[in-house]
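This report covers contacts between chains, the relation between copies, and selected elements within single chains. The sequence and structure come first.

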Amino acid sequence: MKRNLKWNLSEDRFFDPEPTQRRIAMKLYDSVAHLPIISPHSHVDPRLLADEHGSFGTPADLLIIPDHYVFRMLYSQGIPLENLGIPRRDGGPTEKDHRKVWQIFADHFYLFRGTPTGVWLADELNNVFGIEEKLTGQNAQSIYDQIEAKLKRPEFQPRALFKRFNIEVMCTTDAATDSLTYHQMLQRSGWSGKIRPTFRPDAVVHLQTPGWRDNIKALSKTSGIAVTSYKNFIRALEDRRAFFKSMGALAADHATESAYTAELRPSEAEAIFHRALHGKANAEDARRFNAHMIMEFARMSIDDGLVMQLHVGSIRDHNHYIYGRFGPNMGADIPSQSEFTKNLRPLLNKYGIDTRLTLILFTLDESAYARELAPLAGHYPAVLLGPPWWFHDSLNGMRRYFDRVMETAGLQNTVGFNDDTRAFPSIPARHDLWRRLSANWIAGLVVRGIVDKEDASEMILDMAYRLAKKAYKIP
Amino acid sequence: MKRNLKWNLSEDRFFDPEPTQRRIAMKLYDSVAHLPIISPHSHVDPRLLADEHGSFGTPADLLIIPDHYVFRMLYSQGIPLENLGIPRRDGGPTEKDHRKVWQIFADHFYLFRGTPTGVWLADELNNVFGIEEKLTGQNAQSIYDQIEAKLKRPEFQPRALFKRFNIEVMCTTDAATDSLTYHQMLQRSGWSGKIRPTFRPDAVVHLQTPGWRDNIKALSKTSGIAVTSYKNFIRALEDRRAFFKSMGALAADHATESAYTAELRPSEAEAIFHRALHGKANAEDARRFNAHMIMEFARMSIDDGLVMQLHVGSIRDHNHYIYGRFGPNMGADIPSQSEFTKNLRPLLNKYGIDTRLTLILFTLDESAYARELAPLAGHYPAVLLGPPWWFHDSLNGMRRYFDRVMETAGLQNTVGFNDDTRAFPSIPARHDLWRRLSANWIAGLVVRGIVDKEDASEMILDMAYRLAKKAYKIP
Amino acid sequence: MKRNLKWNLSEDRFFDPEPTQRRIAMKLYDSVAHLPIISPHSHVDPRLLADEHGSFGTPADLLIIPDHYVFRMLYSQGIPLENLGIPRRDGGPTEKDHRKVWQIFADHFYLFRGTPTGVWLADELNNVFGIEEKLTGQNAQSIYDQIEAKLKRPEFQPRALFKRFNIEVMCTTDAATDSLTYHQMLQRSGWSGKIRPTFRPDAVVHLQTPGWRDNIKALSKTSGIAVTSYKNFIRALEDRRAFFKSMGALAADHATESAYTAELRPSEAEAIFHRALHGKANAEDARRFNAHMIMEFARMSIDDGLVMQLHVGSIRDHNHYIYGRFGPNMGADIPSQSEFTKNLRPLLNKYGIDTRLTLILFTLDESAYARELAPLAGHYPAVLLGPPWWFHDSLNGMRRYFDRVMETAGLQNTVGFNDDTRAFPSIPARHDLWRRLSANWIAGLVVRGIVDKEDASEMILDMAYRLAKKAYKIP
């Protein structure tokens with residue numbers, strides 16, 4: 001086989017090879033490829049867009065240093081994060097020369113063969129930055145030059161790319177204590193891009209989070225309610241939700257190791273909260289309090305209409321060394337087994353039959369798709385299933401999701417796509433992948449006579465655009 | 001794509017698109033498409049067939065009201081079961097106009113896109129009732145008219161359809177306390193259709209079943225043995241099994257949340273049973289008693305030759321509101337994680353090596369297929385694997401089953417197909433789907449050179465007909 | 001379909017049927033089909049090769065009696081192991097006429113339809129022994145004659161086949177107490193075949209292994225260190241590892257029901273060890289001691305450089321009757337659920353970030369592939385994933401492995417193939433299957449535009465040869 005130095009981005013990439021299916025997939029994809037992007041759950045920093053003249057920095061600042069998908073793979077092969085320019089908590093030395101960081105990345109680009117990160121990077125480099133050559137150790141510096149030059153041009157500023165990416169709306173993820181300064185700046189700026197905040201209270205809910213008491217102080221401060229009791233804690237949260245809602249929030253988001261839910265008596269909730277305030281809450285307290293708060297948040301969602309997202313099953317900061325040295329979100333979060341049927345029963349019996357609630361469930365444990373989540377979504381009026389999350393936001397992850405979820409849940413009990421990314425330039429590549437894989441899946445149903453072409457054309461619109469808008473109540 | 005108002009039921013539906021595989025699949029399917037149906041495990045009400053002039057009622061009576069696969073999907077999208085004419089336990093008002101019920105169903109028929117229910121309904125409406133148009137909100141009433149007219153004709157009475165469906169034998173599922181009145185009527189009527197009962201004692205075995213003590217009274221009455229002790233309980237069960245066997249039963253069936261098995265000392269079994277009789281059995285009592293009874297039933301199966309079926313892992317009536325208002329079997333049973341390797345070890349060590357026992361295992365937890373069930377079936381002489389159950393009785397469910405079970409268990413340690421349905425008119429569609437998917441799976445082995453055509457032609461006969469007959473010892 | 005009496009071993013077997021993918025797969029496969037075999041983890045008895053004139057015995061000695069994959073399938077269908085000539089522990093009667101054993105096997109050869117064992121046997125009989133006819137009950141004795149005649153010829157002696165199979169290196173699996181007599185004979189013999197031992201200390205580590213105290217006595221004897229304390233136990237193990245290393249060992253191997261790891265205080269380890277020496281260790285002692293020893297072995301691997309393999313999740317000797325009558329490795333080992341994320345956390349936090357450690361993980365619980373193992377391998381520098389193990393070393397098992405592991409772990413965090421077999425003549429068939437399935441998987445990536453042909457040609461070399469050599473540090 002001859003040496004190929006171009007990116008391999010064929011028009012019909014990611015489709016199954018059988019020609020009839022591929023032809024149908026291509027047609028379906030073409031019908032939605034240019035629709036606006038709905039991004040109801042992302043981790044893009046609103047500061048990027050708040051400044052009209054914001055910049056992404058260097059190619060390494062853009063593509064490597066903030067993206068734990070990229071650097072965790074290099075780390076897994078023995079490359080210290082220091083060498084990749086990842087900032088240390090203690091401010092100790094790390095690589096400052098971004099050309100060196102880029103060279104390491106290029107030298108090891110073969111590590112991404114067959115991975116979704118590899119696919120996204122090829123798409124970004126080619127379609128966003130016009131790089132035609134495949135990245136190698138040899139051409140690393142010349143490609144760095146090209147990207148660097150582009151990044152200095154106004155059409156590669158964040159707001160310009162936001163428009164070019166055709167993003168109709170993007171929802172960020174923001175701490176309950178966040179003052180939403182950048183969202184306020186965005187709204188005052190008169191820029192037409194729609195950026196909405198999402199209420200994410202984990203840091204004040206998980207009693208054993210490092211710095212929890214500081215977080216509670218911040219909550220008191222930001223809400224103006226002295227959080228000296230469980231009762232006030234609830235009031236402060238309700239207050240913050242109202243503020244978020246006034247700032248355009250449509251949803252809340254909750255991350256939890258386990259889907260365990262259980263309602264505490266008020267006195268018990270109060271007692272645990274007091275122990276926590278005195279630094280005396282133990283793991284079991286934290287577990288029970290979290291189980292209770294998930295139910296409380298369902299109640300609040302019914303009251304204020306914010307869509308409730310529940311992300312279950314990530315063991316955060318599994319590697320203590322990396323956490324101690326570099327902090328959270330360093331590619332060291334590892335999934336674990338998750339149970340939904342028994343754990344969510346208290347919540348679902350109390351709130352799951354209420355059509356005012358929208359509860360979107362996300363899992364990292366794919367064995368729950370067909371076994372628990374699809375049956376739950378296919379029964380309870382409140383429950384919808386989120387798209388394949390994190391590690392599963394991949395070609396095979398999507399295929400497995402379609403395969404295991406759709407027959408039992410039905411497409412209408414799902415919510416389209418979330419990109420869930422902090423890697424801004426990867427957003428079009430991720431949505432494009434979803435649209436291609438959706439088209440391919442539907443085409444597979446068509447060639448097998450499971451749905452007809454009329455249904456297929458509705459389904460692809462749902463998956464690419466309409467379901468996300470409907471589920472997140474986007475105006 | 002142009003509007004398509006016909007059902008899309010191509011001759012080669014459900015086969016993989018690659019032409020060589022599809023051609024082989026078609027040939028294999030053709031070789032078994034017209035074989036009689038063996039239905040060794042169904043939930044059809046024998047009353048339907050006991051009356052020579054029985055009727056299915058209205059189209060809604062036939063296709064919606066008794067079929068929780070259908071109405072749970074509508075409920076999941078916020079449609080109250082009352083609006084669908086589902087009878088309430090308290091006799092309160094529900095929709096009586098079946099044309100309105102049908103209209104709701106037709107308006108929401110898009111919910112079934114890509115679902116097995118959608119596929120079965122298309123097949124039933126087209127092949128059983130001759131409806132050529134695809135069901136929509138617009139043509140709902142006209143299609144209702146057509147089905148209603150058909151249902152009034154003698155050739156659409158249950159017995160006529162039973163013959164038309166070419167059902168060689170159908171085994172119903174009947175409570176241990178059932179007097180089998182309708183089976184007796186059937187046998188006395190001289191009708192040639194073969195309907196056999198199956199012994200299902202769950203309601204007297206699960207100590208915490210609502211109404212357990214009433215069930216025990218019924219057991220006393222029907223067996224003529226006063227069930228005042230564990231010892232008499234066992235005698236009464238043995239008596240009922242003998243009666244069922246005399247009525248043609250070939251099998252017993254047991255549903256259990258967990259596969260946990262453990263043998264109690266007789267004194268302990270007696271003590272728990274007495275606590276239960278006095279309304280004092282707790283959850284742990286019930287769990288241990290069930291674990292013990294599963295072993296007892298294996299012993300009885302060895303004694304009387306009834307095939308033992310074990311259905312593991314459904315959490316029944318997960319939604320208390322729906323259970324309270326409408327009762328059981330309302331689409332609110334949700335699967336949960338199941339463990340077999342450790343749980344079944346006591347039973348298998350005592351009885352699994354006995355070639356007189358046939359123990360057929362069913363799971364809702366597909367992760368157990370390749371990990372636990374296929375290795376167990378591929379080792380223990382007594383163990384066979386039942387077909388994909390419930391939610392997994394679908395195109396992808398069957399594919400996953402073939403993929404994960406067959407290599408390790410071997411086809412001969414499986415039992416062909418069960419339709420497991422209370423939806424009588426869906427029986428041919430379900431068996432047809434199994435036969436098509438089986439043919440497609442085997443064709444996939446042929447095109448990959450894994451089996452030759454000689455083996456393939458034997459395998460499809462096994463899957464479509466012979467394995468079910470052999471496993472259930474059908475004469 | 002006409003009767004086909006030839007083996008069906010097409011050149012392009014096991015490839016997906018779509019012609020473009022098949023063509024690419026064929027090319028990729030051709031590029032590695034004739035590379036030497038790297039067998040870094042096998043269970044071949046070194047005695048076979050130690051004797052220059054060794055023999056495999058009869059066809060039943062070669063293909064049935066030592067291969068639990070074969071006889072467990074026959075047993076599952078009710079054939080007693082006695083009838084298959086499997087030796088009893090008590091020396092009681094079993095079938096001595098190997099022609100009768102062979103006849104039973106041939107009569108039941110249909111049980112292996114669609115199984116990996118069936119595929120391997122076809123390959124062995126055809127490609128190793130030149131048998132052209134498909135095995136049936138009719139031709140059983142004539143095929144027996146042909147194989148028997150071949151086995152008497154020098155070119156079918158073990159060493160000759162080792163050369164013919166083009167095995168570059170084979171690592172056996174040997175008890176910690178093994179004197180490695182046959183490895184010494186092999187080395188002294190001047191034969192050029194490379195056979196290396198692997199250190200497998202399970203029998204002295206699992207405190208509740210039958211005969212544990214005898215194993216400890218053997219350890220004292222072979223190490224020359226009186227194992228009267230935990231401290232000496234560790235010293236003796238280190239001594240044995242040094243000896244194994246001097247004999248060419250590159251790796252250690254550890255089998256454990258659970259991946260649970262935890263470090264004991266030295267005094268606690270000492271206390272448990274003393275209880276065990278006095279026959280007083282209970283199951284919890286054994287569990288905790290094992291958890292501790294896994295961590296100790298990681299420490300030793302860092303010290304001495306032996307690659308650490310961890311095989312998790314087999315419940316050995318599930319069937320007590322078979323164990324009592326025939327002993328271990330009788331096809332009665334059944335997998336169970338396995339957890340890695342929480343269980344390995346202590347080990348990984350202490351040693352997983354050390355690039356001197358190579359820890360290769362194996363599972364029988366495929367649900368852990370995408371959920372836990374791929375994320376762990378894709379993060380920790382020390383962790384690599386072993387190939388699909390045991391039941392999963394099959395066509396679908398490999399497909400599932402590629403599908404679920406590669407996107408998140410990346411190919412470079414895997415280790416190529418292990419045949420893991422005691423069935424010597426099946427080695428080429430197993431590696432050939434892996435190479436074909438690897439080629440097919442990569443071809444699937446190429447036709448979908450996920451990798452280009454340049455990458456594909458590197459990937460197939462990695463999978464067929466290079467990754468195994470690199471991971472096991474084979475010179």
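## Chain contacts and local elements

In chain A, 44 residues are in contact with 42 residues of chain C. The elements that give two or more residues to the side of chain A that touches chain C are helix H4 (68–76), helix H6 (116–128), helix H15 (320–326), strand E9 (334–335) and helix H18 (395–409), each of chain A. H4(A) gives the most to that side, with four residues. By class, the side of chain A that touches chain C has 19 nonpolar, 18 polar and seven charged residues. The model behind these counts is predicted.

Chains B and C also meet: 42 residues of chain B are in contact with 44 residues of chain C. Here the elements of chain B that give two or more residues to the side touching chain C are helix H1 (19–30), helix H16 (345–352), helix H17 (367–377), helix H18 (395–409), helix H19 (427–447) and helix H20 (453–471). H17(B) gives the most to this side, with seven residues. The residues of the side of chain B that touches chain C divide into 14 nonpolar, 14 polar and 14 charged.

The table sets out the two sides.

### Relation between the copies

Chain A is superposed on chain C by a rotation of 120 degrees with 0.0 Å of shift along its axis, and the RMSD is 0.0 Å. The copies use different surfaces, as 5% of the contact residues of chain A recur in chain C. For chain B on chain C, the superposition is likewise a rotation of 120 degrees with 0.0 Å of shift along the axis and an RMSD of 0.0 Å. The two copies are thus related as by a three-fold rotation axis. Only 5% of the interface residues of chain B are also interface residues in chain C, so these copies meet through different surfaces.

### Strands of chain B

Strand E6 (residues 251–256) of chain B has six residues, of which five are buried, so E6(B) is largely enclosed by the rest of the structure. E6(B) is joined by six bridges to strand E7 (residues 307–312) of chain B, and the two run parallel. Opposite Ala252(B) stands Met308(B) in E7(B).

An open sheet of three strands in chain B has the order E1-E2-E4, with parallel pairing. Its edge strands are strand E1 (37–39) and strand E4 (195–196) of chain B, each of which pairs on one side only. Strand E2 (residues 167–171) of chain B pairs with E4(B) in the parallel sense over two bridges. Met170(B) has Ile195(B) in E4(B) as its bridge partner.

### Helix H12 of chain B

Helix H12 (residues 230–246) of chain B has 17 residues and reaches 24 Å from its first C-alpha to its last, close to the 24 Å expected at 1.5 Å a residue. Its buried residues are Tyr230(B), Phe233(B), Ala236(B), Leu237(B), Arg240(B), Arg241(B) and Phe244(B). Seen down the axis of H12(B), the buried residues fall within an arc of 140 degrees, so they line one face of the helix. They pack against strand E5 (199–200), helix H11 (212–223), E6, helix H13 (266–277) and helix H14 (283–304) of chain B. H12(B) is followed by Gly248(B), which has a positive phi, near 105 degrees.

Helix H1 (residues 19–30) of chain A has twelve residues and reaches 16 Å from its first C-alpha to its last, close to the 16 Å expected at 1.5 Å a residue. The buried residues of H1(A) are Gln21(A), Arg22(A), Ile24(A), Ala25(A), Leu28(A) and Tyr29(A). These cover an arc of only 165 degrees around the axis, which puts them on the same side of H1(A). They pack against helix H19 (427–447) and helix H20 (453–471) of chain A.

Arg265(A) lies in the loop between strand E6 (251–256) and helix H13 (266–277) of chain A. Arg265(A) is exposed, with 9 other C-beta atoms within 10 Å; the cut-off for exposed is 12 or fewer. Arg265(A) and His292(A) are 27 residues apart in sequence and 9.3 Å apart in space, C-alpha to C-alpha.

Terms used
Residues are numbered from 1 along each chain as its sequence is written. Chains are lettered from A and ligands numbered from 1 in the order in which they are written. This is a predicted model: local features need pLDDT of at least 70, side-chain atom pairs count only at pLDDT 80 or more; totals for chains, interfaces and linings use all residues. Two residues are in contact if their C-beta atoms, placed from the backbone, lie within 7 Å. Ala, Val, Leu, Ile, Met, Phe, Trp, Tyr, Cys and Pro count as nonpolar, Asp, Glu, Lys and Arg as charged, and the others, Gly among them, as polar. A residue is buried if 20 or more other C-beta atoms lie within 10 Å of its own, exposed if 12 or fewer, and partly exposed in between; C-beta atoms are placed from the backbone. Two strands pair if DSSP finds at least two bridges between them. Copies are superposed by least squares on the C-alpha atoms of residues with pLDDT of at least 70 in both. The expected span of a helix is 1.5 Å times one less than its number of residues. The arc is that of the directions from the helix axis to the C-beta atoms.
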